[in-house]
Number of protein chains: 4
Amino acid sequence: MLRYLTAGESHGIALTAIIEGMPAGLDLTAEYINTQLSRRQQGYGRGGRMQIETDKVELLSGVRGGKTLGSPISLQIKNRDWSNWSAIMAAGEADLTSRTVVVPRPGHGDLAGHIKYGHQDLRNILERASARETAARVAACTVGRRLIEHYGMEITSHVIRIGSVEAPRSSLENIKAHAPQSVLLCADADAEAAMIKEIDQAKENGDSLGGVFEIIVRHVPVGLGSHVHWDRKLDGRLAGALMSIQAIKGVEIGLGFRAASLPGSQVHDEIFSNGTGFIRGSNNAGGIEAGITNGEDIVIRAAMKPIATLYNPLRSINLENGQEDKAAIERSDICAVPAAAVVAEAVVAFELASAFLEKFSGDSIPEIDKRCRGEI
Amino acid sequence: MLRYLTAGESHGIALTAIIEGMPAGLDLTAEYINTQLSRRQQGYGRGGRMQIETDKVELLSGVRGGKTLGSPISLQIKNRDWSNWSAIMAAGEADLTSRTVVVPRPGHGDLAGHIKYGHQDLRNILERASARETAARVAACTVGRRLIEHYGMEITSHVIRIGSVEAPRSSLENIKAHAPQSVLLCADADAEAAMIKEIDQAKENGDSLGGVFEIIVRHVPVGLGSHVHWDRKLDGRLAGALMSIQAIKGVEIGLGFRAASLPGSQVHDEIFSNGTGFIRGSNNAGGIEAGITNGEDIVIRAAMKPIATLYNPLRSINLENGQEDKAAIERSDICAVPAAAVVAEAVVAFELASAFLEKFSGDSIPEIDKRCRGEI
Amino acid sequence: MLRYLTAGESHGIALTAIIEGMPAGLDLTAEYINTQLSRRQQGYGRGGRMQIETDKVELLSGVRGGKTLGSPISLQIKNRDWSNWSAIMAAGEADLTSRTVVVPRPGHGDLAGHIKYGHQDLRNILERASARETAARVAACTVGRRLIEHYGMEITSHVIRIGSVEAPRSSLENIKAHAPQSVLLCADADAEAAMIKEIDQAKENGDSLGGVFEIIVRHVPVGLGSHVHWDRKLDGRLAGALMSIQAIKGVEIGLGFRAASLPGSQVHDEIFSNGTGFIRGSNNAGGIEAGITNGEDIVIRAAMKPIATLYNPLRSINLENGQEDKAAIERSDICAVPAAAVVAEAVVAFELASAFLEKFSGDSIPEIDKRCRGEI
Amino acid sequence: MLRYLTAGESHGIALTAIIEGMPAGLDLTAEYINTQLSRRQQGYGRGGRMQIETDKVELLSGVRGGKTLGSPISLQIKNRDWSNWSAIMAAGEADLTSRTVVVPRPGHGDLAGHIKYGHQDLRNILERASARETAARVAACTVGRRLIEHYGMEITSHVIRIGSVEAPRSSLENIKAHAPQSVLLCADADAEAAMIKEIDQAKENGDSLGGVFEIIVRHVPVGLGSHVHWDRKLDGRLAGALMSIQAIKGVEIGLGFRAASLPGSQVHDEIFSNGTGFIRGSNNAGGIEAGITNGEDIVIRAAMKPIATLYNPLRSINLENGQEDKAAIERSDICAVPAAAVVAEAVVAFELASAFLEKFSGDSIPEIDKRCRGEI
């Protein structure tokens, strides 16, 4: 069983994660993880914080000489702006009266967190609820990504909507060729231009934008996940992991909501033989049937709502005096859909790694390699 | 921690579930659960099996004199058609050559299950992958529903799409008044009529249909779920539970995918005071912000693909001879969206019960009652 | 991950268990499980209930034609005395005024359970706290036993103490030859005779007895469990499972407490080569070092306190009137150490099966067989 | 649910732990944890490493201004000797040919770990199997200790055996007065003197020693743990946690193994009324009946085998050449029983904190305080 915990406040001294259950002998470097951390920080529409933080991970345990040991992997991302926050965020004696936040932002966890935990200073909620947390999640889950890449899986993502702009459907080849170069992870240049314009407009309005992205995983072995118990179904696990990413409000697999509109004869993927195995005439299922991978590409989309912090803030209540007030402003992005796509890639990779190790467990990568050569 | 396991093959002797973690002293009867089992069996477009099975649950443990004991609750739904299947499905010596299934159905788990588990007779897969399993899930999760209803929550659902027919948006009052009476759980009579027509047409075509339904939970306390760790976020847990229901391909909360198209100023729910507490000007978040309930209604929708078994079957491969063949036909429904909505109500209720007990734990209901009187 | 839940009250309609995570293709029959259930019921010193219940398991799911399907295995042990209890223990309307228990027994969970759960009738506690529950645990865990036996492991147990009588140390050959025939699972005839005498004396006194038993597992593969995280250490998992058996108050592995008295030079098992592999000069570690099996026999002992129900009852308080009173008497055994040994065999087997599947996972037994032929 | 993960190699850059599930508002400081880390490092018979490492914890998240936030608590213990190890233990390019270990030590996890994980350099096993890991466990679990101390519980321990020397039984007052001052956590001065002598002798012999310690927890609320399911029984959970500590080979609760020798009339703790509540005439159960705390002191003992590294090493096999060789020597202690007692205090405290939060959950300490004032 692969498992992980993350910890860390947005302006705390560091983000930390521990990943437990990875076999010994997997190639893993800080650089490999840093590539994903860097991707998470990019994208048109990001705010000032992104400049401060060039996130770098430090591997504190579980890896020696570039290979996993089999022991828990711990990693840390230091807050490069800590000197400006150490007085306020200190674990010990701290300045609890500066930079307090007392007007909850609609769309953020400020108000519900305040009521739940009883914190009067909303900073004590937002420091953990903010999407800064996803840096740790990307770092942790990228360890899982390393495993699935070792076993030949390939994960990619692209943005298909920002606000009102939707990109036209595109071939996977086109996506792989163009999305990585795009400042919005968008494979279509015209759509990208329109998205940029809409982001610029939102910025001017003090507003924010969300969007939709798609994750595609290729070369997935048949048989990850299982139909036998509800909590082992891979589609449920992927949906749960994606919906847990900050600001995600919708998830769909394969045809997704469109599958609800069509008759079965136009939805289900017919089965053919190609001589050595089975092939499908389509992939409307998005690679998962009955909670099990069927060997086709996993295709999964998620919808992100706009960023909750608006520079032209919405109406709210000041918790100190009970009066109507403008919602608080924490330094924020206008649009972070490409970043969310990178986070989504990571969590999808982790769930796949976890399901892979449930099927092909072993104490070391050479042992699993040997096994898989005969079987996958 | 509330947890449960289910077991049982579609044509096995019985479905069984064990629920562990329920406090003592909750009113619970078989009749209460049977009401939900009965709802699961209804709906226009169901196949012949529904007539055989008037599912009745038997409470085998954990309940005495109409109240939970605090011990594990086990329950059983006997297969009323067992006499016709006992030779084939026996745990001991069994007839393994009758009623075999050898042509996998596109859209079902047959083929992936075959490859994963090595079963040559697809019956060994479909007996567990089929939606018959959801009867056990409804029964188990309805125990959780009892808890949240005891604490004043109220859960309802309605169908908003069957195939190409979409129902117009409706008020909650209208939904509560009309959906329960509808054979399709649809609050709008005109839409229902059009849906019935589309189902009739699909039946005539040997085809099948899916749809979209919506779950609404009222009177939800603030603070269920938590933002502090990804796997405690209630939205992720709900999405995971819903996506694990057979044939569900999409899940969205509040505005869902529509939130991706709008600017933040039109999405986030402004906060006002009503004198004694906080109110919102809208509920686009669907009751959950940062993975925590905010006191507004939980609103969550799911898309169901069409039933995988087509009476006019799709093309597939016969596993015995490797030749192209028509997919197998197991007795099946044309459309089961209302049933899926009832299953979804149950699993949502269970996740809420689980989150409720994480926040308001206690060994007995009187103890929790006392606590909640002072606090919720 | 192998997991299970059990349910059922002592005098309820049935005990139930669900086991999830077993691969497909394992030979499993009700008879195999019944053998263990029967062993659990035997032993000199058992009370009248043992005659009523000739426990028989019914496999309700997860097994077809004598082989596991890969789906959850559910099983049930009916209460053969149910007709005498149905009015009292009914889930629905029940007679809650007969056979109430209001004087807690020292040594049982009656009093702590009463305070914790608020039940005024201690029956609501003892029906689940009683060792009757172990019948379900034996049935469930014997599914794990089937797996480890399939992979060549062999588990045995013998009683080494009843009350003041300790059996002399014995060779494994002697234990295997004589313990199974003994009414006290004791390999030494003289000790057995003395134990019987002590049980007879206890019975005459209205008293009860405990004892010590030992579990030995042979042919254990190297590498079950892991040192890398505390909750994966096999010794911890075995100790936890054993201590959770009713009335167990001590657990030790290998030399156990004696290891604390000796210098390291007399404790640690030196390593030699036998040409093809490693052998040890002794097995003081009891087959586990650093939480990992080392290939030597697992040797683990547990101490059982005397049965809590005394026919010559201890002093207690009547909960109805607060007055001093004699503790309640529920029909009970004088001594149940051999039964506890059988339960212990089962739970040890289950933990080993679980650890085995973490190391050698697979969806079906043929697949794991193939793997193990090349590797173990 | 309270949970934690630890990570870190003995000579790695740092040990790390993340604790998830602690409510907001608990007083917690690094100093509080450091006190326990310091206690773990003390004790007569410790080796040279103890001088290098004056372990200091740094709280990296989850605590602000001296109070928990409700978010995951991460903490780190830096390796003060890292500069001497950075070349060898680096996550990136590392010197893998220096300080290799190739002769497995009997009693350690070296050989089983080598076979399991395939590491040729045993350093890759021992760096995680060594008891250095318990520093992280003490730090993590001390967070749980803070909670139970806040709720009035008081945990203490003392050493009752080192090698052949057993301390006489002592009153709790005496233990609390004298054990903390003893270099061996022993309440009896004469026994301590004899123990020191035995340790000196072992050192002279190049040998090592184990022993037995006892943990006592006072003011435990009734009702922690539960009888309703095997894995919720507190005795099982405590035994599992203790047995998972390095070198522990036996665990017993209350009378423990002695309970097996006595009749029930001399074992079970009679129940009396003291006017306001229940009291017991004895505490042979060690505070736990049926897996539930009964309000009496929890009394639990554990046996530690001698340290596996001997300066006068045992016989083993050199893995490089297959020849008989003397076991490897890593800098080590002669005796570490007092340290193990401190680790045991911590893990017991954590399990109690976990069980406490299952019974008295809440999002913040003020909320739980309010609840408990009315109830405990």
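This briefing covers two interfaces of chain B, one with chain A and one with chain D. The model is predicted. Chain B and chain A bury about 7,500 Å² between them, while the area buried between chain D and chain B is about 1,600 Å².

**Chain B with chain A**

- The contact involves 94 residues of chain B and 94 residues of chain A.
- Of the area buried here, 64% lies on carbon and sulfur atoms.
- On the chain B side, Trp230(B), Lys249(B) and His268(B) lose the most area to chain A, together 11% of what that side buries.
- The interface holds 2 salt bridges; Glu270(B) forms a salt bridge with Arg315(A), with the closest N and O atoms 2.8 Å apart.
- The side of chain B that touches chain A consists of 44 nonpolar, 29 polar and 21 charged residues.

- Strand β10 (residues 248-253) of chain A runs antiparallel to strand β10 (residues 248-253) of chain B, and 3 bridges join them.
- Gly250(A) has Glu252(B) as its bridge partner in β10(B).

**Chain D with chain B**

- Each chain is represented in the contact, with 23 residues from chain D and 23 residues from chain B.
- Carbon and sulfur atoms give 37% of the buried area.
- The count of salt bridges is 6; Arg3(B) forms a salt bridge with Asp231(D), where the closest N and O atoms are 2.8 Å apart.
- Polar contacts link 13 residue pairs, both residues at pLDDT 80 or more.
- In chain D, α11 (337-359) and α12 (365-373) are the elements that give two or more residues to the side touching chain B.
- That side of chain D divides into 5 nonpolar, 7 polar and 11 charged residues.

Technical notes: Residues numbered from 1 in each chain as written. Chains lettered and ligands numbered in written order. Predicted model: local features only at pLDDT ≥ 70, side-chain atom pairs only at ≥ 80, totals over all residues. Heavy atoms only, no water. Contact = heavy atoms within 4.5 Å. Buried area = accessible area lost by both parts, 1.4 Å probe. Salt bridge = Lys/Arg side-chain N within 4 Å of Asp/Glu carboxyl O. Nonpolar A, V, L, I, M, F, W, Y, C, P; charged D, E, K, R; others polar. Pairing = 2+ DSSP bridges. Helix = DSSP H or I, 4+ residues; strand = E, 2+ residues; numbered from the N terminus. Polar contact = N/O pair within 3.5 Å; in protein donor to acceptor, adjacent residues only side chain to side chain.
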